[in-house]
Amino acid sequence: MTEALFGSVNYLAEKRSLDVCVERQRALASNIANLETPGFRRLDVSSQFRTQLSEAVRRQDDSTLNTLRPTVAVDTSAPARTPDGNSVNLTDELIAMQDNGLEHSLHVQMISARMSRLRSAISGRIS
Amino acid sequence: MNLIPGAHSASQGLRAEQVRLEVISQNIANARTTKTADGGPYQRQAVRFKAALGDAMSAQAAAGKNPPTLEIVRDPKAAVRVYQPGHPDADKEGFVAYPAINVHEEMADLISANRSYEANIAVMRNGRALAQQALSIGKR
């Protein structure tokens, strides 16, 4: 029964997006920690995963959404910043991190809002 | 348990920067040391960062486990010879070997290490905010 409450495509997509934010925070943390590692190429959530996610949402494909897990890959588009080939730019990473934090709180709010809607439906009171 | 995303990388980064600060302070403190336990003048030390998993390509899907490690290496730069006949460490011709340390260079490096340290602190703070938000899911 709870599947009907929490199994909708939008809810699953929200959950997956939250996973993406956590994985991206990990990738950004490793980028910043390796700011001075010679030859380090920056990591990010793979664009392949992002297209898979949006494709699954578009097709309303809940089984894919259930199994999809974010993957991290080397960001090949980032230019080298230093002669040794390190492609981590501190400003960009910090901006991406702020961005990611906001995105995370957006998804948290969406999930919480869904829960509070369910709660008012169950109790019959507007909380 | 890993509640704060990225905490492992950030803490390793902080530790690495700390070691770097330590090495820089040692270099500055020994900028005029003409005699060490091994006899010669002090040799400048430098840190070398390495990604823990070798190259970044093998870091696929393992971002959280790719903190930097570092090793301390000796800078092979030759000592600077200064003519100072009265000095106790002067050689037969009256030259004293001083370590090839440029204090300005060290200070610039110090600032850079400081900034990197702060950046890792910012990562920690952000990761913590993320975890706290996640904990608030479903709260009224």
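**Interface and cores of the A–B assembly**

One salt bridge is counted between chain B and chain A. The structure is a predicted model. In this salt bridge the side chains of A:Glu36 and B:Arg20 meet, with an N to O distance of 2.6 Å. Polar contacts between chain B and chain A were also counted. They amount to eight residue pairs, with both residues at pLDDT 80 or more. On the side of chain B that touches chain A, the elements giving two or more residues are H1, strand E1 (45–51) and H2 of chain B. H2(B) supplies the largest share of that side, 11 residues.

The extent of the contact was then computed. Chain B contributes 35 residues and chain A contributes 35 residues. The size of an interface is often given as the accessible area lost when the parts come together. For chain B and chain A, the buried area is about 2800 Å². Carbon and sulfur atoms account for 64% of it.

Helix H2 of chain B was examined next. H2(B) spans residues 103–135 and has 33 residues. Its first and last C-alpha atoms lie 48 Å apart, close to the 48 Å expected at 1.5 Å a residue. B:Asn102 caps the N-terminal end of H2(B). A side-chain oxygen of B:Asn102 lies 3.0 Å from the backbone nitrogen of B:His104.

Several residues of H2(B) are buried. Among them are B:Glu106, B:Ser116, B:Asn120 and B:Asn126. Also buried are B:Ala113, B:Ala119, B:Ala122, B:Val123, B:Gly127, B:Leu130 and B:Ala131. An α-helix has 3.6 residues a turn, so residues three or four places apart point the same way. The cover over the buried residues of H2(B) comes from both chains. It includes helix H2 (9–33) and helix H5 (90–123) of chain A, together with helix H1 (7–29) of chain B.

The largest nonpolar core has 10 residues in all. They are A:Val9, A:Leu12, A:Ala13, A:Val20, A:Val45, A:Phe49, A:Leu53, A:Ala56, A:Leu65 and A:Leu68. H2 and helix H3 (47–58) of chain A each supply at least two residues of this core. The largest share, four residues, comes from H2(A). Within the core, A:Val45 touches A:Val20, A:Arg24, A:Arg50, A:Thr71 and A:Val72, not counting residues up to four places away in sequence. A second, separate core has nine residues, including A:Leu28, A:Ile32, B:Ala10 and B:Val123. B:Val123 is also one of the buried residues of H2(B).

Terms used: Residues numbered from 1 in each chain as written. Chains lettered and ligands numbered in written order. Predicted model: local features only at pLDDT ≥ 70, side-chain atom pairs only at ≥ 80, totals over all residues. Heavy atoms only, no water. Expected span 1.5 Å × (residues − 1). Buried < 20%, exposed > 50% of the residue type's maximum accessible area, 1.4 Å probe, protein only. Contact = heavy atoms within 4.5 Å. Polar contact = N/O pair within 3.5 Å; in protein donor to acceptor, adjacent residues only side chain to side chain. Core = buried A, V, L, I, M, F, W, Y, C linked by side-chain atoms within 4.5 Å. Buried area = accessible area lost by both parts, 1.4 Å probe. Salt bridge = Lys/Arg side-chain N within 4 Å of Asp/Glu carboxyl O.
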